[in-house]
Amino acid sequence: MAAAAAPPPPPSAAAITLPGSIPSGHTLFTRIRLATNEDVPHIHKLIHQMAVFEHLTHLFSATIDSLSETLFPPHPPPPFTSFTVFLLELSPSPFPPAQNNPHFTPLLKSFNLDLPVEDPEKESFRSSAVDVIFNDVTVGGFVLFFPNYSSFLAKPGFYIEDIFVRECYRRNGLGKMLLSAVAAQAAKMGYGRVEWVVLDWNINAITFYEQMGAQVLPEWRICRLTGEILQAYAHVNL
């Protein structure tokens, strides 16, 4: 009779790593900071990309100079009392610790991504920030807002004129981060509300805003005087 085969070795005690538990190796570091006049060329390109996305390039006439003159005049008022821009910056490397600022301390956050982001415009959106060791910081989006006032609440608020994230960085929570930064600032200052508009065909944006708790008010309509019609009022006898 042949000898019996040796029994199999006992199972290893080594832990089994499931596919879903493998940590992502692609970390995207982000920062939201107050924009400066040096950032205007990037802001201009972002606004133009937004106009292309919204099919409104026929209304786009802003220039780098006109944005610089209106957003960052020679003696600008303090942030949040007039036109204010938050800039979203992205980097594969951690940002330096946020410095205390009397107006706004930059917000830092990291995201673990399944795949690295391929940015075909990385060089043209290279940040002008001077506080980073390596020049690997890219501008990924912005939000422009300014104060308004609610007579019903008897409180000021913020109106968001523009919020935009470049296409290659969307669906990663960055738009939510920008919008949350404005809402958090409003709450911190005791303001009553934050408002903005959304195009009726942009269902993804409407759903996103509703998920963030925003009320979409279909009973309201935008009324606008602009261009030659507005200028004609300069000659009206009141």
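Guide: Cysteine 168 is partly exposed, at 26% relative accessible area. Cysteine 223 is exposed, at 75%. Buried means under 20%, exposed over 50%, partly exposed in between (1.4 Å probe, protein chains only). The whole structure has zero disulfides, a disulfide being two cysteine sulfur atoms within 2.5 Å.

The model is predicted: local features need pLDDT of at least 70, side-chain atom pairs need 80 or more, and totals for chains, interfaces and linings use all residues. Residues are numbered from 1 along each chain as its sequence is written, and side-chain values use heavy atoms, without hydrogens or water.

Now the aromatics. A search of the whole structure finds 13 aromatic pairs. Rings of Phe, Tyr and Trp (its six-membered ring) pair with centres within 6.5 Å; planes under 30 degrees apart are stacked, over 60 edge-to-face, the rest tilted. Phenylalanine 80 and phenylalanine 158 form a tilted pair, 6.2 Å centre to centre, with 45° between planes. Phenylalanine 80 lies in the loop between α2 (64-71) and β2, and phenylalanine 158 in strand β5, so the pair ties together parts 78 residues apart in sequence. Helices (H or I, at least four residues) and strands (E, at least two) are DSSP runs, numbered from the N terminus. Phenylalanine 80 is buried at 3%, and phenylalanine 158 is buried at 0%.

Phenylalanine 158 is the bridge partner of proline 147. Strands β4 (residues 138-150) and β5 (residues 155-165) run antiparallel, joined by 10 bridges. Pairing takes at least two DSSP bridges.
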